[in-house]
Amino acid sequence: MKADLRLLGVVVVACALASCGPDEAPSGTGPAVVVETIGDTTVVRTLSGGVWGAEATLVPEVSIGELDGPEEYLFGSIWSIAVDDDRNVYVFDEQAHNIRVFDAIGSYVETLGGRGEGPGEFGRAEAIALLPDGRLVVRDPGNQRIQVFGPGTGELDGWRYDVGGTYSNSPLHTDARGRTFVETRDLSRTDGFFRHIIVIGPDGTHLDTLPEPSSPLEGPMLVAEYTSERGSATTYSPVPFNPVFQWTVHPSGHLLTGLPSTYRIDLARDDGVLRIERAADPAPVSDVERAAYRERTIRIMRDTDPDWSWNGPPIPDHKPFYQELLAGRDGRIWVLLETAGSPVENEDHDPGNPYSMPVNWVEPLRYDVFEPDGTYLGAVAPPEEFGPFPRPVFEGDYVWAVTEDELGVERVVRFRITMPPPAPDRIRAQPS
C-alpha cells in the first residue's frame, strides 16, 4: 500500500485544552506533525514543537504524610499507590503491610488489610490497582492470590494464581474492561526475568497467559559465572545505557511497547497499531560517567567471578531515548526520558559493597506527554523531591506521586500540571 503522507502545521489555542488555567495565554504555533499510514499501522511523527508550547512544571496541591502525628499519616515504605474516580487515594505501605485510604483533600478514611493468611489479609503483598467498578485489587504472592476489596464496604474476594515462585516490585495493571494483568516468572528459565503475563477477568477467571513483550534487537547481557566445590553462581547484567525493551498495559487493554534505541512507541489497537515517533536527540554519556558505570559494573560482576573481564559490547556514548513507558488513567501516554547525568557525592558510600560507589550519577526527571491519538503535548519537569517509584498515577492535569524530603519522610502528593507564565511580549495591554 502506498504511504499517505501529510505535513500538518497544527495551530492550537492553549485555553481550549483541559490543561489551561484561567490566566494562561494562547500557546501560538503548535507541533509540526507528519502522519503516515502503512498497512494497519498509523505513524504520528512530531518533527518539532508541542501543543503546550513550553515545558510544564508540577505544582503541589494536596500532601498526605507527616513526620510526626497520627499513626495513619505516618508511612514506613510506600510501594504502590492508586487513585479512584473521586480522587480518593489508596496507599500501600510495605512496612506496615496495609493499605490506607484518604479522600480527595487528604483526610484519612480507613485502613484495609494487614499481615495474615485470612480473607482481606496479606502474606506478602506487592502492588495495588483499581478496577473500573471501584474494586481494589492487591497482588499478594505470599498468599498466592489477588486480594479483592469492595466495591461495597466489607466485601472481599480472592483470586488464586500461580505466582511463579518469585516476588517483584513491578506494578499491577488493570484495564477499562475490568481485566487484571499479573506478571509471573517462567520457571523453565534460569535468568531470573519475568516472561509471563496472566490475564484475569472481572470475576477472577483466568482468561489468558501471554509471553512478556520483548524485542529481538535488545542487546546482549554481560554474564559472570563461578563454580567451586561449594556450588556455582551466575550473575547477569545489562550493558549500562544499552536500550532495554519497555512495555506497559494501556487502559484500553492493549500493550504499549517500545525499544528506546529510537524514539518510537507502539500502541496496539483493535484496528492495528498507532506508532508514535518524535524527532529528538538522545542524552549523551560523558567520558567520566561512562568510566564510573564501567567501574561499578566490573565490581559487581567480580563479586561473582573475581577473574571476570568485560564480555559484552562497550558502553555507548549516548543513552537510550527513554527509560520507562507509562499510561495515565485517561489514556494519555507518559514517557520517562533518559537525561544527561551529573555526579553527586554519595554520603552513604560503603567501600565493602560492590553496588555502592563514592559518587552517584543523578539524572533530572523529565517526562514527554502524548494524547492517546499520538499528539505531542510537551514535556513536564517534576520537582526534585518527586519520585518515579512507585509508579505515579496520571490523570488529565493531575499527577499523584510519592515524594521524600531531606529527613526521609515519604508523602503522597497530588500535583497539578502548570504552564510557565507568558513572555512579556505576549502579554496584551488591557483596555483602560
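1. Basis. The model is predicted, so local features need pLDDT of at least 70 and side-chain atom pairs count only at pLDDT 80 or more, while totals for chains, interfaces and linings use all residues. Residues are numbered from 1 along each chain as its sequence is written, and side-chain values use heavy atoms, with hydrogens and water left out.

2. Aromatic pairs. Rings of Phe, Tyr and Trp (its six-membered ring) pair if their centres lie within 6.5 Å; planes under 30 degrees apart count as stacked, over 60 as edge-to-face and the rest as tilted. The count by this rule is 17 aromatic pairs. Phe 75 and Phe 102 make an edge-to-face pair, at 6.0 Å centre to centre with 75 degrees between the planes. This pair links distant parts of the chain, 27 residues apart: Phe 75 is in the loop between strand S4 (56–64) and strand S5 (78–83), and Phe 102 is in strand S7 (residues 98–102). Helices (H or I, at least four residues) and strands (E, at least two) are DSSP runs, numbered from the N terminus. Phe 75 counts as buried at 12% relative accessibility, and Phe 102 counts as buried at 0%. Buried means under 20% relative accessible area, exposed over 50%, and partly exposed in between (1.4 Å probe, protein chains only).

3. Tyr 263 is buried, at 5% relative accessible area, and Phe 321 is buried at 13%. Ring pairs join Tyr 263 and Phe 321 with Tyr 322, Phe 370 and Tyr 376 in a cluster.

4. Charges over rings. The criterion is NZ of Lys or CZ of Arg within 6 Å of the ring centre and within 35 degrees of the ring normal. Arg 87 lies over the face of Tyr 398, at 4.3 Å from the ring centre. Arg 294 lies over the face of Trp 310, at 4.5 Å from the ring centre.

5. His 349. This residue is in the loop between strand S25 (342–345) and strand S26 (359–362). His 349 is partly exposed, with a relative accessible area of 28%. His 349 and Val 359 are 10 residues apart in sequence, and their C-alpha atoms are 8.0 Å apart in space.

6. Glu 212. The loop between strand S16 (206–211) and strand S17 (221–228) holds Glu 212. With a relative accessible area of 18%, Glu 212 is buried.

7. Second largest cavity. On a 1 Å grid over the protein atoms alone, a cavity is a set of points where a 1.4 Å probe fits but cannot get out, and lining residues have an atom within 4 Å of a point. Val 62, Ile 64, Arg 87, Val 89, Ala 104, Trp 400, Val 412, Val 413 and Arg 414 form the lining of the second largest cavity. Strand S32 gives the largest share of this lining, 3 residues.

Technical notes:
On a 1 Å grid over the protein atoms alone, a cavity is a set of points where a 1.4 Å probe fits but cannot get out, and a pocket is an open set with protein on both sides within 12 Å along at least five of seven lines; lining residues have an atom within 4 Å of a point.
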